[in-house]
Each structure stands twice: as structure tokens, then as C-alpha cells.
Amino acid sequence: MIIPIEIPPNTVMFKGISLDSNIYLVRDENEVLLVDTGTGSFFNSYKAVVEREMYLSEVSRAIILNTHEHFDHIGGNWLWKEYLEGLGIKVFFASHEKTSKSLEKGDDHTILSYYYGRHYKPHKVDIKLKDGDYLRIGSLELEVIHTPGHTSGSICLYEPNEMLLFTGDTVFYHTVGRTDMPTGNFEDLIKSIERLREFQVYIGLPGHGKMIQNWKENMEIIKRLIERYI
Ligand SMILES: [Zn+2]
């Protein structure tokens, strides 16, 4: 049984089941943004909640955004796209231009699909993002922050009104994402963390684990953690 975590006024968090990334749904007017899609293995569980709570009623346009190309964040892309289109919703995929390359190629090496015993069926990415771009959902504007380190095309998304920051696998509660996988780079991660420290964040919404409610303290803990490795 999944209990969605509602973060008023616009955001719902689904804690990832098992290896799944967390999945976020941001809604404004008749548009919706989905941040990451998990492995796809538990798609039906999330879908049941979305239907029960009617999160998608009257929605006509959806963006499925991937914070990076790891399989646990994109494995549900096709399932969500097909489900949303079945509801008559127009669906667009969005990710950083570097992440887009992996997804359009179906690059199982960088996607890590083999780790899950799977091949990733490639797809076109409609919206290729770079640092400083904005994603518009209804009246909301979310800023794209390019934060390489965990992967070269990792992004965070910042919603300035509610001061929400979707951090993907760059920042977690009290720790950071690993950098020992394809395109990972520890030096880049340190720079990305430095940059994110400056943001005014009310709630940090990571790709795994629980939400981050004290941003400044969390980033101090991470700073001390990193200092032990440099
Ligand atoms: Zn990852």
C-alpha cells in the first residue's frame, strides 16, 4: 500500500518501492510534470494511487522529466507515457542534453540496464535541457540546474515560489550520490554541491530516501562528509 506524500499546493511524492527512484508529480492547471519514473516494476502500484486520488483529472499535457539516465529513474518511462496517452494526455520527454543522448541511443552501459537484466528501448527526447532553461507547468516555472557529478548530465529542478528543489541522485538526506559509475566525476560533484549550497530551499526532494527539511544543515553535513575524501 503506497501512501502518497502531498506537499501542498502542487507536489506529490511517491516514495520509491524497492530499487525504484522516488517519483514526483507536480501539477498546475491542466498540466503535470512527472519527475523520474522508477524501474517500472511497480508501475501498477503508483498508477492505482494516481487513479484513486484522481491526480490526473482534467490534465491535458504532461512532461516526463528524467533527472539522469540510470535505469531506476527511467525504467517506467514507456509505461507512464503509454498510460498517460491512453488518458488522452499529450506527453513530452525531457532531460538534460547529455542524458538525452543515452536515452535516444538506448545506451545500456550508461543506463545500467544490464544490472537489472534489461535492455532499454530507446526513445526520442522531445525537450533537451541545459543549465538555466525553464520548464513551464501551468503557471509554474521550474529552473533547470545542471549538476554534473553523479552522471555528466544530472540535473536538479528548482521551483522558486515554494522553494522546492528536486535533487535527483546529486543530494540525498545527509549524503550524496556515488560517482563511480559511467560518466560520474567526484570533482564535478563537489562543484555541483558548492553551487547547490547557495540555494534557498524549503524542501529538498531527492531521487531516493526521505525529503530534506533542513537544507542548510543537510548541506553542512555533506560538506563535512566530502572534506573527509579530499
Ligand atoms: Zn543514479
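Which residues of H6 are buried? I looked them up in what is a predicted model. I found Leu189, Ser192 and Leu196. Seen down the axis of H6, these buried residues fall within an arc of 65°, so they line one face of the helix.

Next I asked what the buried residues of H6 pack against. I noted four elements: strand E10 (155-159), strand E12 (171-172), strand E13 (175-176) and helix H7 (215-227).

**Whole chain**

I stepped back to the overall fold. I counted seven helices and 14 strands in the secondary structure. The C-alpha trace spans about 50 × 35 × 35 Å along its principal axes. How does the radius of gyration compare with that of a compact globule? For 230 residues such a globule would come near 17 Å; the chain has 16 Å, which agrees. I recorded 43% of the 230 residues as buried. I also looked at contacts with a separation of 6 or more: 63% of them link residues 24 or more positions apart.

**Parallel pairs**

I followed E6 (residues 90-96) through its parallel pairings. Strand E5 (residues 61-65) runs parallel to E6, and five bridges join the two. In that pair I found isoleucine 63 bridged to phenylalanine 92 of E6. E6 is also joined to E7 (residues 127-129) by three bridges, again in parallel. There, serine 95 stands opposite lysine 128 in E7.

**Antiparallel pairs**

I moved on to E8 (residues 134-137) and E9 (residues 140-146). These pair in the antiparallel sense over four bridges. Arginine 136 has glutamate 141 in E9 as its bridge partner. What does the hairpin of E8 and E9 have between the strands? I found two residues there, and glycine 138 takes a positive phi near 55° in this hairpin.

I carried on from E9 to E10. They run antiparallel and are joined by four bridges. Histidine 146 stands opposite isoleucine 155 in E10. E10 is one of the elements I had already listed as packing against the buried residues of H6.

Where is the cis peptide bond? I located it between proline 8 and proline 9, with omega about 5°. Proline 9 lies in the loop between strand E1 (5-7) and strand E2 (11-14).

Glutamate 29 is not a glycine, yet I read a positive phi of about 50° for it. I placed glutamate 29 in the loop between strand E3 (23-28) and strand E4 (31-35). Glutamate 29 is partly exposed, with 13 other C-beta atoms within 10 Å.

Histidine 174 also gave me a positive phi, near 65°, in a residue other than glycine. I found histidine 174 in the loop between E12 and E13. Is histidine 174 buried, exposed or partly exposed? With 13 C-beta neighbours inside 10 Å, histidine 174 counts as partly exposed. E12 and E13, which flank that loop, are among the strands that the buried residues of H6 pack against.

Notes
Residues are numbered from 1 along each chain as its sequence is written. This is a predicted model: local features need pLDDT of at least 70, side-chain atom pairs count only at pLDDT 80 or more; totals for chains, interfaces and linings use all residues. A residue is buried if 20 or more other C-beta atoms lie within 10 Å of its own, exposed if 12 or fewer, and partly exposed in between; C-beta atoms are placed from the backbone. The arc is that of the directions from the helix axis to the C-beta atoms. Two residues are in contact if their C-beta atoms, placed from the backbone, lie within 7 Å. The radius of gyration is taken over C-alpha atoms; the globule rule is 2.2 Å times the number of residues to the power 0.38. Two strands pair if DSSP finds at least two bridges between them.
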